[in-house]
Amino acid sequence: MTLYAHIVGWGKFAPAKVLTNDDLSQMVDTSDEWIQARTGIRERRIASEQETTASMSIAAAREALRVADADPAKVDLIIVGTVTPEHLFPSTACLVQDALGARQAAAFDLSAGCSGFVYALGIASHAIEAGAYEMALVIGAETLSRIVDWTDRRTCVLFGDGAGAVVLRASKHPGGVLSSILGADGSGGELLMLPGGGSRFPSTPESVLNGMHHLHMDGRRVYRFATKIMVRATRQALEQANLSLQDLSLLIPHQANQRIIESAARGLKLEDGKVFINLDRYGNTSSASIPMALCEAVESGHVKRDDTLVLVGFGAGLTWAAATVRWSVPLPVATPPRWRVAVRWARYRWAAIRRRALSALWWLIERLFPPKPDRKG
Ligand code: ACO
């Protein structure tokens, strides 16, 4: 039996704190005029001290599960696309898995720069089509404000924080993710990188002083790469789904720069209104940008049942990714029965209680049965 991976739930989280271009012009030598003209960005969201990649992922995932009216305990796979994980390890996906009470789920992070979400969508949909899993949670989440150099005007004006998530479910009805193109060219790795904190340059006082824990970017070369690859990947994704540009209802591109998006739209000869843009309010949120834009496109009525969407991104690696999606959920979605909302709430509460109880138990065991001192000689 042929299986298809349908998007049945979606959710996003954006921190409440807004940082405008005028705010930035108080911090570095820039202006609202320059930022808007060169990038299209007006403002971006910045995570509070309490907000992290895991907390934002969890919020977006809960919203996606609510829309899908899905039981977190039945999720089989969780992938978080991110370049700003909660820690180097454990993965952010494992923290999400625990907080959701998704006890059956395999969980891992995926690092593919701003292409991370579409990479994860491609991998998860292939796993569902192969019959390996029934339900997957695919998340893109970033706290870029923690790795941006707030004294570097060439980069700090571009980025923001947030998270977006979708629930994929297996179905025998044709539709859902119809194709995915994933690509990489590691020769461009140094164009966009965070040099410090890995095995090449471990964290030291010197590495911090030398700014090696900040994002470094060659903006002009990334720009040239992006304008070409967005067009190529979009065409390839449609071709792989046996569709053409005439079949495209809406392009949802990575929200890096309005000029890059407009150049791609020109290259694809897309009519006005066929490209979704929300970067003016969020800036570049890397892996989170496409799922956040998808959510807003759906919520604002830009997507209807049977529409053909292409999600396309590019990023650090260098990487690129595009996916064709046939939208299969009737909108607006029905309100789930209250008892199922209550079951989900109980799962989240139980997951939190279980986590606290387990750590209290370990604390008690270590005190009751302290390790015996080594006997020598
Ligand atoms: N305010 C004012 N002036 C600025 C600023 C700023 N914020 N930033 C740069 N400038 C100056 C530069 O110093 C330069 O001045 P100079 O000519 O005296 O040297 C001038 O503006 C032009 O700089 P450029 O770098 O040529 O400007 P450009 O038009 O290329 O725009 C930008 C820069 C916005 C970064 C663009 O190159 C871009 O968007 N590149 C792609 C970035 C991108 O998409 N990154 C994706 C990241 S994906 C991921 O995986 C995280």
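Trainee: Two residues are in contact if their C-beta atoms, placed from the backbone, lie within 7 Å. With that cut-off, what do the buried residues of H4 pack against?

Mentor: H3, strand E4 (77-81), strand E5 (106-110), strand E6 (135-143) and H12. Helices (H or I, at least four residues) and strands (E, at least two) are DSSP runs numbered from the N terminus. This is a predicted model: local features need pLDDT of at least 70, side-chain atom pairs need 80 or more, and totals for chains, interfaces and linings use all residues. Residues are numbered from 1 along each chain as its sequence is written.

Trainee: How many residues of H4 are buried?

Mentor: Nine of the nine, so H4 is largely enclosed by the rest of the structure. Buried takes 20 or more other C-beta atoms within 10 Å, exposed 12 or fewer, partly exposed in between, with C-beta atoms placed from the backbone.

Trainee: Which ones are they?

Mentor: Thr 92, Ala 93, Cys 94, Leu 95 and Val 96 are buried, and so are Gln 97, Asp 98, Ala 99 and Leu 100.

Trainee: Which H4 residues meet H12?

Mentor: Asp 98, Ala 99 and Leu 100. On the H12 side, the partners are Tyr 348, Ala 351 and Arg 355.

Trainee: And what comes just after H4?

Mentor: Gly 101, with a positive phi of about 70°.

Trainee: Asp 32 next. Where does Asp 32 lie?

Mentor: In helix H2.

Trainee: Why does Asp 32 count as partly exposed?

Mentor: Because Asp 32 has 17 C-beta neighbours inside 10 Å.

Trainee: What does Asp 32 touch?

Mentor: Asn 21, Asp 22 and Ser 25, not counting residues up to four places away in sequence.

Trainee: How far apart are Asp 32 and Gly 211?

Mentor: 26 Å in space, C-alpha to C-alpha. In sequence they are 179 residues apart.

Trainee: Last one. What is Ala 124 in contact with, leaving aside neighbours within four places in sequence?

Mentor: Ala 5, Leu 77, Ile 79, Ala 136, Val 138 and Leu 168.
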